[in-house]
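Dear colleague,

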Amino acid sequence: MEKGEPLRSCIGCRSVKDKNVLLRYVLSPENELVLDYNSKLPGRGCYVCADVTCLDKAIKQRAFQRSFKSKIVVVDKTEDFIKVILKRSYGKIASYLSFAVRGKKVALGTLAVELDLKKGRIALLLISSDMSASAVDKWKGRLKNNINCKVVEKFEGFEPIIGNRKVVGIRDEGLALEIAREIEIIEKLDFNIL
Ligand SMILES: [Zn+2]
């Protein structure tokens, strides 16, 4: 933890951490609990570790209700809440991808990605999780340090946008950061571990 980083405590496990490693939740105008992906939404926020166990604790112990000191639309099951979050993150990735495709900010498929890698034009490499582990390693081996790489579950869901490609390179750095952030949320909140 760096000196001077703002600290917050997780309302699930109570441990105090750098606020950037915690996920922020706010209430929507309808008093629904919403994950504030980019820590930009206004209003009071609650912080929880990016961990399903802590989220589950916070929900079961009604810690959100206590922290917001208001009635909130009750989230009964952590799994249902996580499904909503996952669906929204996949939706956001899909809209970033279609924006990238329309703006030609993306290399689609093996040949295009290889060419762009050689030219140093890739900021983020996305690989479908159905690719074999050895193929994933091969791709990772070709990357320079400054290139982010994510193996994405349920890649087939993006077929309407990127076709049946298993590897996609995002050229635009801003889009690459946004997409990587959504994938990190999906990775952290995998509800299969509940
Ligand atoms: Zn926690």
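Asp 56 is buried, at a relative accessible area of 15% (buried means under 20% relative accessible area, exposed over 50%, and partly exposed in between, with a 1.4 Å probe and protein chains only). Asp 56 sits in helix α1, residues 52-60 (helices, H or I with at least four residues, and strands, E with at least two, are DSSP runs numbered from the N terminus).

Please keep in mind that this is a predicted model, in which local features need pLDDT of at least 70 and side-chain atom pairs count only at pLDDT 80 or more, while totals for chains, interfaces and linings use all residues. Residues are numbered from 1 along each chain as its sequence is written, and side-chain values use heavy atoms, with hydrogens and water left out.

The whole structure contains nine salt bridges (a side-chain nitrogen of Lys or Arg within 4 Å of a carboxyl oxygen of Asp or Glu). One of them pairs Glu 182 with Lys 92, with the closest N and O atoms 3.9 Å apart; Glu 182 lies in helix α7 (residues 173-188) and Lys 92 in helix α3 (residues 78-102), so this pair ties together parts that are 90 residues apart in sequence. Glu 182 is buried, with a relative accessible area of 0%.

Another salt bridge joins Lys 150 and Glu 187, whose closest N and O atoms are 3.7 Å apart. Lys 150 counts as buried at 11% relative accessibility, whereas Glu 187, at 42%, counts as partly exposed.

Finally, salt bridges link Asp 116, Arg 121 and Arg 171 in a network.

Best regards
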